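Have the sequence and the 3D view ready. This report walks through a few features, one at a time.

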Amino acid sequence: MRPFIEKLRQREQLDTVSQDIELIDIAKNLDGNSKAVLFTRAGPEKAELVGNVMGTRERLALAFGSDTRNLLHEVNRRLTAPIAPVEIPSGAAPVHDVVLTGADADFTRLPVHLQHGDDGGPYISAGIDISRSLDGTRRNVGYRRMMLRGRQEAGIDLVAPSDLRVLYADYVRRKERMPIAFVVGSHPIDGVAATMMSPAADEIALMGGLRGEAVPLVRCATIDAMVPADAEMVLEGYLDDRGWAEPEGPYGEYIGYYGRLKSNPVFHLTAITMRRDALFQTATIGGRHLAFTDTAQLSALRTEVVAWASLQTGVRDLEAVFCTPSCGGMYNLRVSMRQRYPGEARNAIALAFGSSADTKHVFVVDDDIDVFSDAQVDWALATRFQADRDLMIAAGFRAVPLDPSLEGRRAGAKAGFDLTLPFGWRNGNEYDVPMPPVLGPSRGLSVIEALREKPQSFRDLMEAVGSRDGRDVLIALDSVRQEYGLERTAEGHYQLRTTA
């Protein structure tokens, strides 16, 4: 974490608040901030706290040594090469510099703050959960929020479909506690790994593949689990066997609205282990500025990964995929492609529909449109789309209940916008895109000599005579018009009058 924060500082992507700040004021310093924020004296303990670390695509790309346009391709490349973790002893693990158990394991020792005005309590929002299946054959990694209920209890959100929900249900059926650990404070790559879906038996290997090296693991102090040894801190404990038993929430959700009060499991804290200079991390989520939140950026990248995998099965010439973070990183997906066959854009829409329950609106454009540009996509919508011809609407899809537009329904509708030019139209001049003129070397001809060869555009005439001004060509054309006569072709090129 710390070396990455230093990179952000060097690239002027970090705001530092060095004066004393009360915990209630943390959130307003993060809300809508385009930069990560480091607080060096948070709360009465003067703790170090950092937020919004992954709040832009540029910062995620920096974490992977990539750029915003190639980030998806770099992540996809690394996902194909998982690397198994390695175990290291407790004495060599930075996260075991300090080990607090018993009564010392206390949530209120940490600078956990109220994030939104009507939240049900202070939340730990940047927790990467690590758990294991009941039979011990699978290790799962996810991203989970925790609402503090006291010194050693927290509610966790486990309502939406997830691998952890399935694994936990097995423990509940057997009336057994589920050991689980939460990592707070880690490199952004680990955050990306935690949001990816994988059939792998050990998702820590997926994290290793994204890191490009084996993740060092250390055994927990109080539960039978292993966690990244290079984390800032780890919260060890268990989910009790009562299942979805206690109220959790409300909370400002990733879609920009409050989530309702839910019944959720309770986490019991048994240990806090941390680096000696541990940096507490908080994640930004919800609010009016979704595009600058950690959750929107992580969600957008995950949406792109699953959509790309789905599209690859049916689209031959896929150019780019982008999910806008301003929609929460899930709902609005853009796809750029080159149509080789009539109807291929609609196939792409259908594939994207099925890639994720969250994806509601799919915009497919030609490969000359930059999906990262709101202006270009808006132009394609304005000039290449006819609603009675190019709008696809389908209903009855599984949906995420947090979407307020569902009005309580469990299934929803999806819309596809075919913003591509009708197949074959790009061969006509009418749909060429105007670009600045570029001249080749002069051919040393006069205007009349060039016109005697073939019809010429005005730019062609400038190139033929070697003019980089154009007004001299205009004067010469006027002389030719008066002496010989001029005509224009259907494309607008100049040619000598046929009777001349």
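Is Cys 323 buried or exposed? Cys 323 is buried, because its relative accessibility is 0%. Keep in mind that this is a predicted model.

Cys 323 takes part in none, and its nearest cysteine sulfur belongs to Cys 327, 4.2 Å away. Cys 327 is in no disulfide either. Cys 327 is buried too, with a relative accessible area of 12%. The cut-off for buried is under 20%, so the value for Cys 327 falls inside it.

**A four-stranded sheet**

Next, turn to the strands. Four of them form an open sheet, in the order β1-β2-β3-β18. The pairing in this sheet is mixed. Which strands stand at the edges? They are β1 (14-17) and β18 (280-282). Each has a single partner strand, so one side of each is left without a neighbour in the sheet. Neighbouring strands are turned by 20° against each other on average, with direction ignored.

Zoom in on one pair. β1 runs parallel to β2 (residues 36-42), and four bridges join the two. Val 17 has its bridge partner in β2, namely Phe 39.

Helix α1 (residues 2-10) touches β1, β2 and β3 (47-51). The direction of α1 makes about 105° with that of β1.

**A covered helix**

How many residues of helix α6 (residues 188-195) are buried? Eight of its eight residues are, so the helix is mostly covered. Among them are Pro 188, Ile 189, Asp 190 and Gly 191. Val 192, Ala 193, Ala 194 and Thr 195 are also buried.

**Salt bridges**

Side chains of opposite charge can pair when their charged atoms come close. The whole structure holds 46 salt bridges. Three of them are listed here.

| Salt bridge | N to O distance |
|---|---|
| Lys 46 and Asp 20 | 2.9 Å |
| Arg 109 and Asp 104 | 3.9 Å |
| Asp 190 and Arg 211 | 2.7 Å |

Start with Lys 46 and Asp 20, whose side chains meet in a salt bridge. This pair links distant parts of the chain, 26 residues apart. Lys 46 lies in the loop between β2 and β3. Asp 20 lies in the loop between β1 and α2 (26-30). Lys 46 is partly exposed, because its relative accessible area is 35%. Asp 20 counts as partly exposed as well, at 42% relative accessibility.

Move on to Arg 109 and Asp 104, which form a salt bridge. What are their accessibility values? Arg 109 is partly exposed at 45% relative accessibility. Asp 104 is partly exposed, with a relative accessible area of 42%.

Now return to helix α6. Its residue Asp 190 pairs with Arg 211 of helix α7 (residues 203-211). The two residues are 21 residues apart and link distant parts of the chain. Are these two buried or exposed? Asp 190 is buried, and so is Arg 211.

Finally, some salt bridges join into a network. Which residues are linked in it? They are Arg 145, Asp 157, Glu 248, Glu 253 and Lys 262.

Terms used
Residues are numbered from 1 along each chain as its sequence is written. This is a predicted model: local features need pLDDT of at least 70, side-chain atom pairs count only at pLDDT 80 or more; totals for chains, interfaces and linings use all residues. Side-chain values use heavy atoms; hydrogens and water are left out. A disulfide is a pair of cysteine sulfur atoms within 2.5 Å. Buried means under 20% relative accessible area, exposed over 50%, partly exposed in between (1.4 Å probe, protein chains only). Two strands pair if DSSP finds at least two bridges between them. Axes are lines fitted to C-alpha atoms, for helices over the stretch in contact, and angles run from 0 to 180 degrees between N-to-C directions. Contact means heavy atoms within 4.5 Å. A salt bridge is a side-chain nitrogen of Lys or Arg within 4 Å of a carboxyl oxygen of Asp or Glu.
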